[in-house]
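Please look over the sequence and the model before reading on.

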Amino acid sequence: MYPEYMVAPIRQDLTEAGFEQLMSPEEVEAALKPASGTVLVAVNSVCGCAAAKARPALKMALSSSDKKPAKLVTVFAGMETEAVAKVREHMLPYPPSSPSIALFKDGELVHMIERYHIEGNDLMRIVDNLQGAFAEYC
């Protein structure tokens with residue numbers, strides 16, 4: 001686990017953009033229950049690709065899309081381990097990765113962006129990927 005003073009501004013980057021920070025497995029289950037509509041889940045991280053690509057791509061895609069998920073939530077890898085583990089159960093069969101971004105519709109995983117899609121990609125390609133998923137599922 002990281003010191004909270006270190007992750008607080010990183011959490012704030014997404015919460016200021018409208019993401020709800022999920023802190024427990026129960027909060028994850030409530031957010032991803034069947035008939036919950038579209039839910040975008042960001043697995044946040046302290047790594048450089050989260051700072052340089054994942055969080056900026058999320059904010060850009062959301063600010064410039066006509067269609068958007070009904071709910072935005074985030075968990076923080078390396079911090080609330082039980083909440084992160086519960087999110088990752090919902091992301092199966094994809095292996096754990098952080099950062100990562102998942103779109104759920106009525107509790108079902110419909111779109112996944114893994115770490116290797118983030119760190120090995122141009123920022124605008126990630127934005128386009130997200131906007132395409134929003135257009136299709138939201």
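## Terms and basis

A salt bridge is a side-chain nitrogen of Lys or Arg within 4 Å of a carboxyl oxygen of Asp or Glu. By that test, the structure holds eight salt bridges.

The model is predicted: local features need pLDDT of at least 70, side-chain atom pairs count only at pLDDT 80 or more, and totals for chains, interfaces and linings use all residues. Residue numbers start from 1 along each chain as its sequence is written, and side-chain values use heavy atoms, with hydrogens and water left out.

## Cysteines

A disulfide is a covalent bond between the sulfur atoms of two cysteines. Here the criterion is a pair of cysteine sulfur atoms within 2.5 Å. Searching the whole structure gives zero disulfides.

Cys47 is buried at 15%. Cys49 is buried at 12%.

Side chains of opposite charge can pair when their charged atoms come close. Arg55 and Asp13 form a salt bridge, with the closest N and O atoms 2.9 Å apart. This pair links distant parts of the chain: Arg55 sits in helix H3 (residues 48–63) and Asp13 in helix H1 (residues 4–15), 42 residues apart. Helices here are DSSP runs (H or I, at least four residues), numbered from the N terminus.

Is Arg55 buried or exposed? Arg55 is buried, at 7% relative accessible area. Asp13 is partly exposed, at 23%.

Glu119 pairs with Arg115 in another salt bridge, with 3.2 Å between the closest N and O atoms. Both residues belong to helix H5 (residues 115–119). They are four residues apart, about one turn of the helix. Glu119 is partly exposed at 44% relative accessibility. Arg115 is partly exposed at 28%.

Salt bridges with shared partners join Glu4, Arg11 and Glu80 into one network. Within it, the side chains of Arg11 and Glu4 meet at 3.0 Å, N to O. Arg11 is buried, with a relative accessible area of 9%. Glu4 is partly exposed, at 40%.

Terms used: Buried means under 20% relative accessible area, exposed over 50%, partly exposed in between (1.4 Å probe, protein chains only). Helices (H or I, at least four residues) and strands (E, at least two) are DSSP runs, numbered from the N terminus.
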